[in-house]
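Please find below a colleague's note for someone opening this entry for the first time. The points are meant to be read with the structure in view.

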Amino acid sequence: MASVVFPPGTAPVKTEYGQVVVELSLPAADDDAAEGSTSHAGRGPSRPDADADSAPGGRKKFTKEQKKAQRGANKGRRFGKVRDELELCWRVANGTICERGPDCRFTHDIDAYLAAKPRDIHFPPSTALQNTQPFVLVGQPPQNGTEGGESSLDFDTTCTCFNETGECRVGFKCRFLGAHARRGDDGSVTLVVDEEKKSEVALTTTELNHISPETLKIIRTRKYSTPIADAYLKDLEAVVNASGDVDEPQVQESEKERNAGSDTVGNLLTQRTGGMLSPAGASDVPLRFCEKKRLHWSGKTYLAPLTTVGNLPFRRLCVSLGADITCGEMGLATSFLAASREEWSLVRRHPCESIFGIQLAGNKPSTMVPTAEILGKEFAGSIDFVDINCGCPIDLVFRSGSGSALLDTPGKLGKIIVGMNKALGEIPVTVKLRTGVKDGRNTAHKLMPRLSTEWGTGCITLHGRTRQQRYTKLADWDYIRQCVDAVRARESEEGLAPVPIFGGGDCFSSEDYWEKAEGTGVDGIMIGRGALIKPWIFTEIKERREWDISSTERLELIRKLAEYGLSHFGTDTAGVNTTRRYLCEALSFQYRYIPIGLLERLPARINDRAPAFRGRDELETLLASPDSRDWVRVSEMFLGPAPETWSFTPKHKSNAYSDESQG
């Protein structure tokens, strides 16, 4: 069979699979434009009908303006909670007494609630999955004589929470209630608790890093005691009052200019803050952060902190596939100090996450250091590191002076790192950064040697692009090697033990990983987009092979993600549809995976755009669909039909099939 010549940037799919299965001209997913969007709107029809403006074959013609409008992010997405039509009181749902009695605004009538409640969802086992329609085999709904045909209970279903912990925390509100309820001879329904299992798995299933409402109130009213941060900030203020502005010049300036401006002030700041230099009269051995726990991460796999999709259920999935180090989604220091429940939920950790950290973004020591002290106090022993985000390129973050904007203010960054190190005690501080801010003006080779030797950073992660580049160009791994050499030379010069250095950018296969890791001298590679598109990349890396994963194996991973989502978000109506939302968010990346058995050459490249193709079976074709309604269809295999009031709009406009999105 004759080979096909593909346009540059197009994945080389074998001729026998390169058939047009969807007559739509869709732009490639724009990771830059949609990077910071996390919300939601309505779901439209699959595609507009062909009209007078349609080209032959039913393909719609677009003007230049329409094509531009179709690219980028769907902004302003909003996800409201879907609730039961008749809401049952939470206390009654869990079999306890509601102290509000008749004044409670929720119903206490369990029988009426069960009569109005939709039928239980059937969660399928792994053995029910197949690669041909209907893809999930479901038996006939049980017609148990004790239940009658009108009951909402399905005693043959499975509740993931009950199976995992021995108890379902939402009680009667569970959409899988039949798995842990029994109807007595008198017709009453009672909840079942497996006390033996509950005690056995308490330590392995209970999520960590919860914060109480009382503590949040103290934080919100600014009554939380942070003595270390207060003393450090007071010292900084004293230095500023004594000597003026002590911010060091930008790293673009010459070494001579930098040193000239920091002699007197730098010495004073060091004395005030207990920095790297020795006090007068001390030995020549520098005073280090010796109390810090050293990070031995060489050879470990690292899942990047990922906005929206990188939540606890997704991290659990990646850990099960071989990820060693995980980090929560980026949280804003100002939001932590404002006691935002949403922000504090980002620090939740599952026991399976053996090395777990929290990522902070902020623009000044006065917010970052107190936040670090609170985190260190509240979660001592349950966080392994705190990462400072110096790489986020999103305009909103950058313009506030946070994220990659810190690359241009190394003096401020140094004070943040030193202060956080003091506030966190033995918990190490790590830094994730980009090569620089502007294209062609890399600065990381000057900044990185200072991070560990001067400020006590425990690990450095470098993404091989500037803030301006975003994802428009390939990561510069030659420059990453240059930065690693600069850090190692500085460490050797000062007689310091090497800190772990991770690289990042465009890693999409085991071959990619090991070639870049061994060729640049990094201790490992942080995986971001590669894990979003194919979470099993960690298995490939660990086993040093390319995995031609089957469609049913991929569907099983989706089933596991749904299971983990229900365990985390809950199995009530709100929890099921929150799980559905994040499952669809994950599928909005995973559809971009092209099975390696369909490719003419290996390894696959992350930036290659897939041509229209059909899979090796019906399920593989479905999982490659860019239609957001097909993602909802996949979610319904495990979470039941989506409610009429629920809708999903993807981040990328290119995946939204509606009249508006089609111009």
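At what angle do helix α22 and helix α25 pack, and how far apart are their axes? The points below begin with that pair, and it should be kept in mind throughout that the model is predicted.

1. Helix α22, which covers residues 551-569, packs against helix α25, residues 628-639, at an angle of about 65°, and the axes of the two helices are 10 Å apart. The crossing of α22 past α25 is right-handed. On the α22 side the contact is made by Leu555, Ile558, Arg559, Ala562 and Leu566, while α25 contributes Val634, Met637, Phe638 and Leu639. Sorted by class, this contact of α22 with α25 has eight nonpolar residues and one charged residue, with no polar ones.

2. Helix α22 also meets α23, where the two axes come within 9 Å and cross at roughly 145°, and here too α22 passes its partner, α23, in a right-handed crossing. From α22 the contact takes in Arg554, Ile558, Leu561, Ala562, Gly565, Leu566 and Phe569, and from α23 it takes in Gly575, Val576, Thr578, Thr579, Tyr582, Leu583, Ala586, Leu587 and Gln590. The residues of the contact of α22 with α23 divide into 10 nonpolar, five polar and one charged.

3. The residues that line the second largest cavity are Val309, Asn311, Pro313, Phe314, Leu561, Ala562, Gly565, Phe569, Thr579, Tyr582, Leu583 and Ala586. By class, the lining of the second largest cavity has nine nonpolar and three polar residues, and no charged ones.

4. Turning to charged pairs, side chains of opposite charge can pair when their charged atoms come close. The structure holds 33 salt bridges, and one of them joins Lys173 to Asp84, with the closest N and O atoms 3.8 Å apart. This pair links distant parts of the chain, given that Lys173 sits in the loop between α4 (160-165) and β1 (181-183), whereas Asp84 sits in the loop between α1 (64-70) and α2 (90-93), 89 residues apart.

5. Most residues other than glycine have a negative phi, and most peptide bonds are trans. The bond between Gln133 and Pro134, however, is a cis peptide bond with omega of about 10°, and Pro134 is found in the loop between α3 (110-116) and α4. The peptide bond from Leu602 to Pro603 is likewise cis, with omega near 0°, and Pro603 lies in the loop between α23 and α24 (618-623).

6. Where is Arg222, a residue other than glycine whose phi has a positive value, found? Arg222, with phi near 60°, is in the loop between α7 (213-220) and α8 (227-243).

Terms used:
Residues numbered from 1 in each chain as written. Predicted model: local features only at pLDDT ≥ 70, side-chain atom pairs only at ≥ 80, totals over all residues. Heavy atoms only, no water. Axes fitted to C-alpha atoms, helices over the stretch in contact; angles between N-to-C directions. Helix = DSSP H or I, 4+ residues; strand = E, 2+ residues; numbered from the N terminus. Left-handed = near helix turned anticlockwise from the far one by under 90°. Contact = heavy atoms within 4.5 Å. Nonpolar A, V, L, I, M, F, W, Y, C, P; charged D, E, K, R; others polar. 1 Å grid on protein atoms, 1.4 Å probe; cavity = no way out; pocket = protein on both sides within 12 Å on 5 of 7 lines; lining within 4 Å. Salt bridge = Lys/Arg side-chain N within 4 Å of Asp/Glu carboxyl O.
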